[in-house]
Amino acid sequence: MAALSISFQGAARTVTGSRHLLRFGDRSCLFDCGLYQGHRDEAERINRAFRFDPARLDAVVVSHAHLDHIGDLPALVARGYPGRIHATPATVSLASVLLPDSAALMERDVEQVNRRHPAQPRTPLYTLADVERTRPRFAPHAYHQTWELFPGVRATFADAGHILGSALTVFELERNGQRFRLGMSGDLGRPRRPILRDPEVPGGVDALVLESTYGDRLHPGAAETERALAEIVSRTLARGGRVLVPAFAVGRTQELVATLHALTLRGAIPETPIYVDSPLAREATAVYVHHPECFDAATAEAFTKCHGAPFGFARLRYVASPAESRALEHDRTPCIVVAASGMCEGGRILHHLRHGLGVAANTVLFIGFQAEGTLGRRLRDGAEAVNVLGEPTVRRAEVASLEGFSAHADQAELVGWVERLSPAPRRIFLVHGEPGPADALAARLRETVHAEVHVPAPGEEVALWN
Ligand code: ZN
């Protein structure tokens, strides 16, 4: 039996459903337990099936609170997982907001499907009751506080700079006087982003599992992104339109709001109301406010000096009730509306699009990744006729897209981060990327880091240390 092996059970050659099974001798640890997000039937099949017996799993470690990393935890617990879920304190707090929301969405979705097809009733993947059973399992560990995962196996989180509480994990094993270190990047953030600290560089690792979402691309710089954002907002407001921004409730929304606030203070955009129309974003922002230990120096200072800025200020309004949200949909006053979901696959953004997509003065602004097959991807790719909430809708609004808001490192940032690991890893496995980006990053890393780089296939198992 190998001292350490890994089986890539999710987010292999794709960006969703992160799930990797680590075996430390006869002990097993699942790293991330994410939801696979895609077409309903395929997602159902993948999210319900574990390629191992959850009842015999010994531990779970999760990297951060995005649902494609934690969203399947309640299903794991419902299927008999008996142990703890290790995460940073901010991840635990965000999970306690995101998992109930995820369960409620699933229950609502199944209800709607069953109403249309009563002959074959479906059951939700998990329920609020399963989430309640999952919550007490979380075991929080602060950054840099090493804990013993199993006898002879220690684990430490460091800041991944991706979203609040995001961690990269280093597992350290000892056997016969020898040591082996495995690094799991989780989703890796970017330097010089608002709110969060830059990704940390842990000491060297022997093997590294690295994300590759944007492995084939370079993001524009922060200054360029801010300039482009200011231009988009200014020209839309000048023609009397609204800027509609589909955004993930956690991370992207808070960063965008912080940036808009800064641009207004500098006079780069006109004073205008900013609405965050997402109850989830509002709850997530409350979690941010309770975890200042995760802020970078500038945010920490602004937060202490200016009563909670950049999360709340005069021109920012969190829309709470559905009635207020409906009033906002019908209103035509120029403003900025930020609403979930980020890929326009659900949530209040759909209602804003139904009313706003046909208005030529408006702009739909994409600031996040748009997966294939989503309404967001179709709009971003220039579609002029789409279905919104089942209604054929003609798009007259401008569509704009800013890649600089990505919370994922680009190719140069990924390579730069790996180069700073000392000593350099001998083996690198690229996950969490579609084949194009993963292969491009693999080629680049082989040139620069001289490591053995592999893009594992779904389900592939590799012995890391014998
Ligand atoms: Zn993420």
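The structure is a predicted model.

The open sheet has seven strands. Their order is β6-β5-β4-β3-β2-β1-β22, and the pairing is mixed. Strands β6 (138-140) and β22 (461-465) form the edges, each pairing on one side only. From one strand to the next, the twist averages 25°. Helix α4 (residues 89-116) packs on the sheet. Its contacts are with β5 (85-87) and β6, and its direction makes about 150° with that of β6.

Strands of a sheet pair through backbone hydrogen bonds, either parallel or antiparallel. The antiparallel sense applies to β1 (residues 4-10) and β2 (residues 19-24), which pair over five bridges. Opposite S5 stands R23 in β2.

The zinc ion has protein donors from H64 (NE2), H66 (ND1), H162 (NE2) and D187 (OD). These donors lie 2.2 to 2.3 Å from the ion. Along the chain, the donors follow the spacing H-x1-H-x95-H-x24-D. Distant parts of the chain are linked by the pair H64 and H162, which are 98 residues apart. H64 sits in the loop between β4 (59-61) and α2 (67-70). H162 sits in the loop between β8 (153-159) and β9 (167-175). Both H64 and H162 are buried.

The geometry at the zinc ion is irregular, because the four donor atoms subtend angles of 92 to 166°. Four donors count as tetrahedral only if all angles lie between 85 and 135 degrees. Ideal angles for four tetrahedral donors are 109.5 degrees.

Methods
Residues numbered from 1 in each chain as written. Predicted model: local features only at pLDDT ≥ 70, side-chain atom pairs only at ≥ 80, totals over all residues. Heavy atoms only, no water. Pairing = 2+ DSSP bridges. Helix = DSSP H or I, 4+ residues; strand = E, 2+ residues; numbered from the N terminus. Axes fitted to C-alpha atoms, helices over the stretch in contact; angles between N-to-C directions. Contact = heavy atoms within 4.5 Å. Donors = N, O, S within 2.8 Å, 3.2 Å for Na, K, Ca; no water. Tetrahedral: all angles 85-135°; square planar, octahedral: opposite > 155°, others 65-115°. Buried < 20%, exposed > 50% of the residue type's maximum accessible area, 1.4 Å probe, protein only.
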